[in-house]
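Subject: Model for your files

Dear colleague,

Please find the model below, with its sequence. My notes on it come after.

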Amino acid sequence: MSVKIELIAAPGCGKCVAAQKQLRAIATAMLGENEVVWREVNVLKEFEYAVSLGVLSMPAIAVNGELKFSSLPTPEQFRTMLTSLESF
């Protein structure tokens, strides 16, 4: 079963770009390349969607349509969240 991970960010966010690469690498290493559906959400283009998730600051991360981090997690926090997923 695939896991949908969304990084909600604004264009030009430097720390978002760096985080995207690192967190995506962690997710694919833990779950497998074919099991991760990675999506970058531009908050300026999908503002209503971001608000519906409860995003108040960026970058934020949603997993399977549920807001998991309202701020940038550490790699360790991200790994812990991924291991706790019931779909594993």
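The notes go from the sheet to the helices and then to the cores.

This is a predicted model, in which local features need pLDDT of at least 70 and side-chain atom pairs count only at pLDDT 80 or more, while totals for chains, interfaces and linings use all residues. Residues are numbered from 1 along each chain as its sequence is written, and side-chain values use heavy atoms, with hydrogens and water left out.

Sheet

Four strands make an open sheet in the order β2-β1-β3-β4, with mixed pairing. Helices (H or I, at least four residues) and strands (E, at least two) are DSSP runs numbered from the N terminus, and two strands count as paired if DSSP finds at least two bridges between them. β2 and β4 are the edge strands, each pairing on one side only. From one strand to the next the twist averages 30°; axes here are lines fitted to C-alpha atoms, for helices over the stretch in contact, and angles run from 0 to 180 degrees between N-to-C directions.

The parallel pair is β1 and β2, with seven bridges. Strand β1 (residues 3-9) is joined to β3 by four bridges, and these two run antiparallel. L7 stands opposite E40 in β2 and opposite I61 in β3. β3 is also antiparallel to strand β4 (residues 66-69), through three bridges, and A62 has L67 as its bridge partner in β4. β3 and β4 form a hairpin with two residues between them, and N64 in the turn has a positive phi of about 50°.

In a regular strand the side chains alternate between the two faces of the sheet. In β3 (residues 60-63), A60 and A62 point one way and I61 and V63 the other, and all are buried. Buried means under 20% relative accessible area, exposed over 50%, and partly exposed in between, with a 1.4 Å probe and protein chains only.

Helices

α1 lies across β1, β2 and β3 and runs at about 165° to β2. α3 packs on the sheet, touching β1, β2, β3 and β4, and its direction makes about 140° with that of β4. Contact means heavy atoms within 4.5 Å.

The buried residues of α3 include P75, F78, M81 and L82. They cover an arc of only 125° around the axis, so they are on the same side of α3; the arc is that of the directions from the helix axis to the C-beta atoms. Among the elements that cover the buried residues of α3 are β1, α1, β2, β3 and β4. L82 is in α3 (residues 75-83) and counts as buried because its relative accessibility is 0%.

Cores

A nonpolar core is a set of buried Ala, Val, Leu, Ile, Met, Phe, Trp, Tyr and Cys residues joined through side-chain atoms within 4.5 Å. The largest has 17 residues, and I5, I61, F78 and L82 have the most contacts inside it. Two or more residues each come from β1, α1 (14-31), β2 (36-42), β3 and α3, and α1 gives the most, with five. Leaving aside neighbours within four places in sequence, F78 is in contact with I5, L23, I26, A27, W38, I61, F69 and P73. A second, separate core has eight residues, including V43, L53, A60 and A62.

Regards
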